[in-house]
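Visitor: I'm new to this one. Could you walk me through it?
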Amino acid sequence: MEQLVFELAVPEPPSFANFLAGRNAELVDALLAFVTGGSETGMLIWGGPGVGKTHLARAAVGLAQESGLGARMFAHPRDIDDEALASVSASAEQLIAVDGIDLADEAAAARLFTLYNAIKERQARLIATSRTPLAALSLREDLRTRLGWGLVYELVALEDDAKPAALALYARSRGIVLSDDVIEYLLRHGRRDMPSLLATLAALDQQSLATKRPITVPLLKGWLQRELEWKPAAADTPHNA
């Protein structure tokens, strides 16, 4: 009997280890250096939906915490309320991340401006993510100016032709043996976004260990069929900005 304790792949916590950089190697290196020090107050990461902005912001916060640095993340600019501002101003947190600053309304932008100034005064660091570039952000000009004082990077999607090598590298880093035909089948029949691809690999690894079977096309085919048969109700489906 299969010793499985899951029905669907549970994504690993976001980390730098499970982010496939592709053409974003310079950005990742800069972010790693930014997390643990440097003279810059802010770093803005922008890019289209699904390229990994939230993943990297959470990975940065996780790395800071693992390194013994105080860190926290706001999942939306509206979460920066007066209580949060007071907490950040009074705390010793050295890294703050704010996801989706392009979603900030006028009130949230004002609090984000105050947050930035508090962070700068304490010589802490701010990571902000956005779906639009700095010049196109519909934020108050003084806030855009301050964000532009720091590091600004575009995060680009991993190209399809780079995914086989990237998946093979990721698998080797986890001690997973993947043949070329497994990777080809996964890319042809599975979801092609990287979070889903990595979640599938993690699930296959667990299933391989539980069943004592190698990861083969039949094993992958059975997993993908199971995933297709699981159809959550519309009300249960998460919606990400």
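Guide: Here is a short tour, from the overall layout to single contacts.

Visitor: What should I know before starting?
Guide: This is a predicted model, so local features need pLDDT of at least 70, side-chain atom pairs count only at pLDDT 80 or more, and totals for chains, interfaces and linings use all residues. Residues are numbered from 1 along each chain as its sequence is written, and side-chain values use heavy atoms, with hydrogens and water left out.

Visitor: OK. How many helices and strands are in the chain?
Guide: The chain has 9 helices and 5 strands. Both are DSSP runs numbered from the N terminus: helices are H or I with at least four residues, strands are E with at least two.

Visitor: What pattern does the chain follow along the sequence?
Guide: It reads α-β-α-β-α-β-α-β-α-β-α-α-α-α.

Visitor: And how much of the chain counts as buried?
Guide: Of its 241 residues, 46% count as buried. Buried means under 20% relative accessible area, exposed means over 50%, and partly exposed is in between (1.4 Å probe, protein chains only).

Visitor: What share of contacts comes from residues 24 or more positions apart?
Guide: They account for 73% of the contacts with a separation of 6 or more. A contact here means heavy atoms within 4.5 Å.

Visitor: Let's talk cores. How many residues are in the largest nonpolar core?
Guide: That core has 26 residues. A nonpolar core is a set of buried Ala, Val, Leu, Ile, Met, Phe, Trp, Tyr and Cys residues joined through side-chain atoms within 4.5 Å. Those with the most contacts inside this core are Leu20, Leu167, Leu178, Met194, Ile215 and Leu220.

Visitor: Which helices supply it with at least two residues each?
Guide: Helices H6 (163-173), H7 (180-189), H8 (194-211) and H9 (217-229) each do. H8 gives the most, with 6 residues.

Visitor: What does Leu178 touch?
Guide: Leu178 touches Leu167, Ala171, Ile183, Leu201 and Ile215, leaving aside residues up to four places away in sequence. There is also a second, separate core of 25 residues, which includes Leu44, Ile80, Ala84 and Leu143.

Visitor: Why would nonpolar side chains be buried together?
Guide: In soluble globular proteins, they tend to be.

Visitor: Switching to helices. Which residues of H3 are buried?
Guide: Ala84, Leu85 and Val88 are. Seen down the axis of H3, they fall within an arc of 100°, so they line one face of the helix. The arc is that of the directions from the helix axis to the C-beta atoms.

Visitor: What sits on the face of H3 turned away from that side?
Guide: That face carries the exposed residues Asp82, Glu83 and Ala90. On the buried side, the cover includes strand S2 (71-74), S3 and H4.

Visitor: What about H4? How far apart are its end C-alpha atoms?
Guide: They are 23 Å apart. The 16 residues of H4 (residues 106-121) should span 22 Å at 1.5 Å a residue, so the two agree. The expected span is 1.5 Å times one less than the number of residues.

Visitor: What do its buried residues pack against?
Guide: They pack against helix H3 (82-90), strand S3 (95-98), strand S4 (125-130) and helix H5 (141-149). Among the buried residues of H4 are Leu112, Phe113 and Tyr116.

Visitor: And what caps the N-terminal end of H4?
Guide: Asp105 does, with a side-chain oxygen 3.3 Å from the backbone nitrogen of Ala107. After H4 comes Gln123, whose phi is positive, near 60°.

Visitor: How many salt bridges does the count come to?
Guide: It comes to 6. A salt bridge is a side-chain nitrogen of Lys or Arg within 4 Å of a carboxyl oxygen of Asp or Glu. One joins Arg131 and Asp102 at 2.7 Å, N to O.

Visitor: Where do Arg131 and Asp102 lie?
Guide: Arg131 is in the loop between S4 and H5, and Asp102 is in the loop between S3 and H4, 29 residues apart. Arg131 is partly exposed at 34%, while Asp102 is buried at 16%.

Visitor: Last one. Is Thr129 buried or exposed?
Guide: Thr129 is buried, at 1% relative accessibility. It is found in strand S4.

How values were computed: A polar contact is a pair of N or O atoms within 3.5 Å; within protein, one must be able to donate a hydrogen and the other to accept it, and residues adjacent in sequence count only if both atoms are side-chain atoms.
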